[in-house]
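Here are some notes for a colleague who is opening this structure for the first time. Please read them with the model in view.

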Amino acid sequence: MPTNNTPFLRMFLIFLGLLWFDSFTGLEAATGKLASVPGLYVFGDSLVDAGNNNYLAISISKANYPHNGVDFPNKKATGRFCNGKNAADAIAEKFGLPLPPPYLSLKGPFKEEKKKSAAMTGVNFASGGAGIFNSSDHKLGQAIPLSHQVNHWLSIHQELTSQLGPAEAQNHLSKSLFAVVIGSNDLFDYFGSFKLRQETNPQQYTQSMADELKKQLKRIHDTGARRFLVIGVAEIGCIPGKRAKNSTVHECDEEANTWCSLYNEALVKMLQQLKQELQSSMTYSYFDNFKSLHDIISNPARYGFTDVTSACCGNGKLNADIPCLPIAKYCSDRTKYLFWDRYGHPTEAAARTLVDLMLSDDSQYSYPLTLAQLISL
């Protein structure tokens with residue numbers, strides 16, 4: 001007598017389908033754990049640079065050499081100031097997106113198809129050494145300042161509109177995420193310039209930083225961007241290169257931290273004002289990088305770190321006497337270090353920890369929305 005195997009076969013095929021579905025990196029986005037994001041567009045400095053500076057002919061602000069990239073796939077030094085992937089990469093992976101390629105890698109002959117594809121899923125415009133202002137790094141051809149990064153975005157926006165048409169491009173952009181990580185180099189410029197400090201006091205300078213950033217955010221918004229992740233400046237007085245090396249406890253540079261706080265206060269107020277001006281057409285998450293880094297430094301074991309003062313890659317006291325050059329030494333377990341180099345670039349482990357905090361329901365680090373809340377709107 002024949003047996004009806006149809007129910008068993010159906011269940012078996014469903015099981016195989018679930019296994020196949022579960023293999024996708026975008027599972028969290030697909031299942032509703034995280035809302036989907038069609039594109040990630042990144043603006044900023046070396047904290048999120050994916051290699052744009054590699055294409056600047058005379059720039060020495062590059063990281064396309066060992067020991068950078070020691071934990072990147074194939075141990076490749078891509079131009080990221082990190083042992084592996086940085087925060088922008090970690091955000092992309094959270095949403096199942098390809099790593100946003102550096103914008104300058106999409107220019108030139110035979111790059112059209114790559115540019116078309118990247119325009120849809122995300123592009124990284126960040127540049128090591130970049131500032132909100134057209135800083136000294138830009139004048140020396142070392143970096144791409146924010147205003148120029150936004151100019152580059154306009155080219156990608158044009159590509160998107162050409163591919164999708166104005167209405168669909170607007171829909172795509174309204175659901176995409178625009179991440180902005182910048183400001184540290186402007187403060188470093190201020191610390192190091194007697195002329196700047198004579199011309200303006202810290203309150204005036206940090207307010208002018210916020211005002212200029214507002215102009216650039218409005219330019220991006222005018223193209224159809226609606227969701228912004230804006231990351232404040234960290235405790236840069238506590239990076240290995242800024243800590244006092246002539247003491248046993250290696251204190252942070254508290255003056256530098258005070259100026260960072262001044263800028264972050266101006267930034268928060270600016271974002272509130274900008275949202276009011278743009279009304280319901282802008283939503284944002286401000287991530288308090290200053291507080292999050294302070295908490296990690298104060299409670300390293302809670303986050304899985306054992307060294308939150310030294311650089312993983314370098315030499316000398318705090319491993320911070322030299323940058324992470326090929327002649328430097330680097331730590332054996334990068335997962336236990338907060339800082340990769342003397343400049344305070346996070347290790348991949350630290351970058352992933354910070355992104356987890358951005359997505360956390362714990363709103364002590366994010367205002368007025370967490371990143372997860374922002375992209376679920």
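1. Strand E4 (residues 227-231) and strand E5 run parallel and are joined by five bridges, where two strands count as paired if DSSP finds at least two bridges between them. Within this pairing, Ile231 stands opposite Phe287 in E5. Helices (H or I, at least four residues) and strands (E, at least two) are DSSP runs, numbered from the N terminus.

2. This is a predicted model, in which local features need pLDDT of at least 70 and side-chain atom pairs count only at pLDDT 80 or more, while totals for chains, interfaces and linings use all residues. Residues are numbered from 1 along each chain as its sequence is written, and side-chain values use heavy atoms, with hydrogens and water left out.

3. Strand E5 also pairs with strand E10 (residues 366-367), in the antiparallel sense and over two bridges, and here Tyr286 stands opposite Tyr367.

4. How many of the residues of E5 (residues 283-287) are buried? Five of its five residues are buried, that is, under 20% relative accessible area with a 1.4 Å probe, protein chains only. In a regular strand the side chains alternate between the two faces of the sheet. In E5 both faces are covered, with Thr283, Ser285 and Phe287 on one side and Tyr284 and Tyr286 on the other.

5. Elsewhere, helix H6 (residues 146-164) and helix H7 (residues 166-175) pack at an angle of about 125°, with their axes 7 Å apart. The contact (heavy atoms within 4.5 Å) includes Trp153 and His157 of H6 and Pro166 and His172 of H7.

How values were computed
Buried < 20%, exposed > 50% of the residue type's maximum accessible area, 1.4 Å probe, protein only. Axes fitted to C-alpha atoms, helices over the stretch in contact; angles between N-to-C directions.
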